Amino acid sequence: MSNVPWWASESFWRKTAIWVTAGMTLVLIALTFDTVKVITAGHSRVPAYEVINKRIYYRMNTKRKFQEPVIGEDAPLFGKMLSPEEAEAMVSHGKMTVQAKNCGSCHTLLGNGAYYAPDLTKAWLDPAWAGESVRETLMVQFLLDPTTNARGFGSTRRMPNLHLTEEEARAVVAFLKWTSAIDTTGFPRNFTPVAQEGDL
Ligand code: HEC
């Protein structure tokens, strides 16, 4: 018999590798289900679509050491309270438009995409929109004709006209209002949100 100790034997390491791989596969499956639950709309981190009926603030959380969205009082988008179904339809239409027009070829969204133009996740809260009362109108105007309505989002680059219809532009605004309410654990960093009444 060989005098190799059990812990150095080939069969011990082969069995260990098999058990560890099998165990970790199960852990990965469990984590996947857990993550899907957390990132589904309606969870505390990713609010339900009818959040677009609410005012969304961005506040520094001193404990977590980054800004997090706060859902405020009623503030219907384009002045109309939507049912959960209507809100979902509008946000989905906005998301489809963003995909169909490939906004990600210049922008990132939740960090995914290209680095030519600003990240859009918190665009709804961008101070460039001048103020809460005019923001949605200015956003639609900008999306319909970005060349004429550029507001200086911190670069000299210009966004081309992507020929959105007004309905598509409004849906994109709904989508961006919803993404701004996602708790992204502070992403993007050092983002200056629009001045909110009460903060001034
Ligand atoms: C060819 C590149 C390009 C594409 C494609 C593009 N954008 Fe832009 N976008 C820009 C640039 C550049 C800016 C900054 C413009 C400025 O500073 O005037 C911008 C700015 C914006 C802003 C303002 C960002 C902020 O920080 O408030 C929004 C909102 C926006 N784009 C939405 C979209 C949407 C929605 C699409 C797809 C329908 C899209 N963009 C496609 C280049 C692009």
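The model is predicted, and local features are described here only where pLDDT is at least 70, side-chain atom pairs count only at pLDDT 80 or more, and totals for chains, interfaces and linings use all residues.

**Stop one: helix H1**

Helix H1 has 29 residues and reaches 42 Å from its first C-alpha to its last, close to the 42 Å expected at 1.5 Å a residue, where the expected span is 1.5 Å times one less than the number of residues. Of the 29 residues of H1, the number buried is zero, so H1 lies largely in the open; a residue is called buried if 20 or more other C-beta atoms lie within 10 Å of its own, exposed if 12 or fewer, and partly exposed in between, with C-beta atoms placed from the backbone.

Within helix H1, pick out Lys15, which counts as exposed with 11 C-beta neighbours inside 10 Å. If you then draw a line from Lys15 to Gln141, C-alpha to C-alpha, it covers 64 Å, and the two residues are 126 residues apart in sequence.

**Stop two: Lys65**

Lys65 is not a glycine, and yet it has a positive phi of about 65°. Lys65 is also exposed, with 8 other C-beta atoms within 10 Å.

**Stop three: helices H2 and H4**

Now select helix H2 (residues 84–100) together with helix H4 (residues 166–180), which pack at an angle of about 105° with their axes 7 Å apart. The axes are lines fitted to C-alpha atoms, for helices over the stretch in contact, and angles run from 0 to 180 degrees between N-to-C directions. H2 and H4 are therefore roughly perpendicular to each other, given that angles of 65 to 115 degrees count as roughly perpendicular, those under 35 as roughly parallel, those over 145 as roughly antiparallel and the rest as oblique. On the H2 side the contact is made by Met90, Val91, His93, Gly94, Lys95, Thr97 and Val98, and on the H4 side by Glu168, Ala171, Val172, Ala174, Phe175 and Trp178; two residues are in contact if their C-beta atoms, placed from the backbone, lie within 7 Å.

**Stop five: helix H3**

For helix H3, the 13 residues should span 18 Å at 1.5 Å a residue, and the end C-alpha atoms are 19 Å apart, which agrees. Glu136, Met139, Phe142 and Leu143 are buried in H3, and what covers its buried residues includes H4. Leu143 counts as buried with 24 C-beta neighbours inside 10 Å, and it touches Leu164, Ala169 and Val172, not counting residues up to four places away in sequence.

Go on to Cys106, in the loop between H2 and strand S3 (108–109), which counts as partly exposed with 16 C-beta neighbours inside 10 Å. Then select His163 in the loop between H3 and H4, a residue other than glycine whose phi is positive, near 55°. His163 counts as exposed, with 9 C-beta neighbours inside 10 Å.

Finish in the segment after H4, where Pro188 lies, and look at the peptide bond from Phe187 to Pro188, which is cis, with omega near -15°.

Notes. Residues numbered from 1 in each chain as written. Helix = DSSP H or I, 4+ residues; strand = E, 2+ residues; numbered from the N terminus.
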